[in-house]
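Please keep the sequence and the structure in view while reading.

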Amino acid sequence: MTRSSIVAVLCAASLGTALDTGLRASASAEDCDAGCKAIAGVLERNLWINVLTLQANDLGIECAKALGAMLRKNSGLRVLNLGLNTELGAAGAAAVVAGLAENEGLDMLSLSETGLNATGAKALADGLRTN
């Protein structure tokens with residue numbers, strides 16, 4: 001998925017308030033991470049989308065880092081669903097949670113079945129304390 005196709009999806013989605021992606025439908029894990037990074041980059045400046053579902057897209061650490069950076073800048077996103085991305089693990093969860101310290105808008109973060117372990121849960125708890 002190219003950046004221009006991501007932008008087109010987001011422009012179309014701005015007519016509503018939710019974006020449910022299907023990055024994994026026909027892409028490799030690397031392409032899914034690249035698509036996720038492009039979405040996160042656009043959402044740094046987009047306040048129209050308030051629900052982002054990236055569930056079951058084989059997302060990895062690069063996507064998690066991009067989402068964490070986006071969360072630092074985006075105050076419009078209310079729900080982020082990263083469930084069923086088993087490759088995220090503790091490091092991915094920590095990268096996403098790092099953005100929570102500066103985020104004032106997110107109300108719900110789903111990390112179900114992401115390989116989150118005790119280390120990731122501690123990072124999540126620490127991030128929520130400062131949010």
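Predicted model: local features only at pLDDT ≥ 70, side-chain atom pairs only at ≥ 80, totals over all residues.

Which residues does L82 contact, once its neighbours within four places in sequence are left aside? They are L54, L59, L67, L88, V96, L109, S110, L111 and T114, a list that includes L67, with which L82 is in contact.

## The chain as a whole

The protein chain contains five helices and four strands, and, read from the N terminus on, these elements follow the order α-β-α-β-α-β-α-β-α. Of the 131 residues in the chain, 44% are buried. The chain exposes about 6,300 Å², and 55% of this area is supplied by carbon and sulfur atoms.

When contacts with a separation of 6 or more are considered, 82% of them in the protein chain are between residues 24 or more positions apart.

A disulfide is a covalent bond between the sulfur atoms of two cysteines. The count of disulfides here comes to one, and the bond joins C36 to C63, with a distance from S to S of 1.9 Å. Because C36 lies in helix α2 and C63 in helix α3, the pair ties together parts that are 27 residues apart in sequence. The torsion about the S-S bond of C36 and C63 is about 55°, and the disulfide is therefore right-handed. Are these two cysteines buried or exposed? C36 is buried, with a relative accessible area of 0%, and C63 also counts as buried, at 0% relative accessibility.

## Residues in the loops

N57 is found in the loop between β2 (51–53) and α3, and this residue is buried, with a relative accessible area of 1%. The side chain of N57 reaches two backbone oxygens, that of L54 at 3.0 Å and that of Q55 at 3.1 Å.

Most residues other than glycine have a negative phi. With that in mind, two residues deserve a look. A56, which lies in the loop between β2 and α3, has a phi near 55°, a positive value in a residue other than glycine. A56 is partly exposed, because its relative accessible area is 37%, which lies between the limits of 20% for buried and 50% for exposed.

E113 likewise has a positive phi, near 55°, and is a residue other than glycine. The place of E113 is in the loop between β4 (108–110) and α5 (118–130). Its relative accessible area is 56%, and because exposed means over 50%, E113 counts as exposed.

Key. Residues numbered from 1 in each chain as written. Heavy atoms only, no water. Contact = heavy atoms within 4.5 Å. Helix = DSSP H or I, 4+ residues; strand = E, 2+ residues; numbered from the N terminus. Buried < 20%, exposed > 50% of the residue type's maximum accessible area, 1.4 Å probe, protein only. Areas by Shrake-Rupley, 256 points an atom, 1.4 Å probe, with all protein chains shown as cover. Polar contact = N/O pair within 3.5 Å; in protein donor to acceptor, adjacent residues only side chain to side chain. Disulfide = S-S within 2.5 Å.
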